[in-house]
Amino acid sequence: MGASSSVQGAVCTTSLEAEALLRYPPARWSGWGCSLSWLGKALGCCREAECWADLLFSTRDVPVSVLWPNWAGPYMPPAVPGLGLSIARYNIGGCGRPEEQSGHPYGGSKVRGWFALIEGFQPVPGGEFDWTRDEGQRNFLHLAIERGVDQVELFANAPMWWMSSSGSSFGGSLAQADEFANYLGEVASQARSGWGVPVRSVAPFNEPSADWWMFPHDQEGCKIDLAQQARVIARLRDELDQRGLVDVAIAASDENRPDHAIKTWQELGRAEVAGGPSGSYVGCLNVHAYDGLARHHGFRSALRRLATVAGVPLCVSEHGNGDISGVTLAQVILEDLHFLQPASWCYWQPVEHHSTWGMVQVDFGDSPSSEPRPSSLPHPKYFVFAHFTRFLRRGMIMLHCTEPWAAACFAPEENSLAAVLTNPNSTQSRLRLRLPAFVPKGRGGAERRRVQAVLTEPLRQRLFVPCEVEVQEAAGSLEILVEVPPKAICSVLLSNVSLIAGKSSVQDGTSMDSPGAAQAGKLRKHSHDAESGVTVQMISGMARAASEGAAHERWLGQADMQTVKCWSRWEHE
């Protein structure tokens, strides 16, 4: 796979080629999501809260005339496609009310706005919990759940203000680790049993090793050293278990970037709370993706290997950037999918107050009584994100694309395959994605056909427009061919697609075994005993396992762990 260039008339066209291959072990995509936090507080009680929830958590078309009435007209698009996010991250706040924090200010004049003051539920030391607080964010969470969100992660940017060394949740360090763990456990229990929220995990930290959480800060944050992290994790596991929340995972440590996450995970392993041989209190390795497109020197792949060895999912829990075109966002997502291979991917805040980090910019006003007013139509970045969220859907089985300008997944239950392709070049490119494991279902022979797709060209403001791609059925498999303008993105959904006969079954993406290693293990079990020694059948199975394991390693660029384990058994027996 590679690239080549040609000049056709006055247009320079670059050809890019890649393959989409089966992954081992198979992984079903857990979905796309975002943090509620400030947008949840600002939008949860406004007049158009339902429409804002439709925009983020459904795939309905939201009329421009409802959320953007000043831009509605005959020459404007009639609607904006919903993102259809399936994960919501609920921000457990740490703020008290002014009268409760007398002498302990939030962050002074640096605070971003009223919407950044997320109320906590235990406002005074040792006091009763007040579950009526944080009404806006709680309302928006329920609107998300009504639209199909069934994975909720509770996360804390900071502990309650009185648990911090500064007496504020806007910077400082953690002073009361045990009280913090108890607080998180109580909120998780209330969310599950009192609010009916499908809590999947609790993330107690937010970039805890960063050195910028000094009081006063413009948002909630807290520095938590590694020893305190280990203590909070262990105590939080106890708090959750005591409340019957044994199925709720602890996600850690939400470091700012993969290289920081590697160091933290290794230290937590030494503290025997994460990734250790005797088990782990941490059920999910969360990381933020703020390294962006900087040279990552193998850190993403290294972090992925740590998660694989520990047997825990790796999730990108936060990313944001100020490039409104979405070109940066697309490449960050694709590189994360290629090198990190996460189970899920979340953007920070799709809707922001006067910030280009938002996919939609809104004026949240000066107080909670203000009605949000959009500053413009959604940026191209919004539509770029929609290419991923609307096509690579939760439950589909992820494929491994050999180049980080493509992503693809397969839905065996629906016999469909989705692909997202980007042109990273500054000239028009002809993209070719080969699908060697797939054929058209119920059809045969060499054939070319055109299928419908969607294209976004951010630099020309062509957003989510229909286009056609060519699908070639030849040489026993499929390939997608499409001409993509500079820095543009194209998504395609192929129907009536099936695996080539003889390929690995992917009906259950959570439990599929390596065909070579699994079959060889069975052969060894039934063909070797104390009298027979090594048999031809056993050697045949070993050779098959080695061959398929080597193929997996070439595809993935890493060891096939199932084959390694199988070889290890033979070596010692």
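Select Tyr347 to begin: at 0% relative accessibility, this residue counts as buried, where buried means under 20% relative accessible area, exposed over 50% and partly exposed in between, with a 1.4 Å probe and protein chains only. The model is predicted, so that local features need pLDDT of at least 70 and side-chain atom pairs count only at pLDDT 80 or more, while totals for chains, interfaces and linings use all residues. Residues are numbered from 1 along each chain as its sequence is written, and side-chain values use heavy atoms, with hydrogens and water left out.

Tyr347 and Phe385 form a tilted aromatic pair, 6.2 Å centre to centre with 50° between the planes. Rings of Phe, Tyr and Trp (its six-membered ring) pair if their centres lie within 6.5 Å; planes under 30 degrees apart count as stacked, over 60 as edge-to-face and the rest as tilted. Tyr347 belongs to strand E14 (residues 344–347) and Phe385 to helix H10 (residues 380–391), 38 residues apart. Helices (H or I, at least four residues) and strands (E, at least two) are DSSP runs, numbered from the N terminus.

Now show the surroundings of Phe385. Leaving aside neighbours within four places in sequence, Phe385 is in contact with residues including Trp32, Leu83, Ile333 and Met359; contact means heavy atoms within 4.5 Å. Trp29, Trp32, Trp345, Tyr347, Phe385 and Phe388 form one aromatic cluster.

Move to helix H5 (residues 177–194), whose 18 residues reach 25 Å from the first C-alpha to the last. Its buried residues, among them Phe180, Tyr183 and Leu184, pack against strands E6 (87–92), E7 (151–156) and E9 (199–203) and helix H6 (226–242). After H5 comes Gly196, with a positive phi near 70°.

Finally, select Trp131 and Trp195. Their ring centres are 6.0 Å apart and their planes at 85°, so the pair is edge-to-face. Trp131 lies in the loop between E6 and helix H4 (135–146) and Trp195 in the loop between H5 and E9, so the pair ties together parts that are 64 residues apart in sequence. Trp131 is partly exposed at 21%, whereas Trp195 counts as buried at 13%.

Notes:
Expected span 1.5 Å × (residues − 1).
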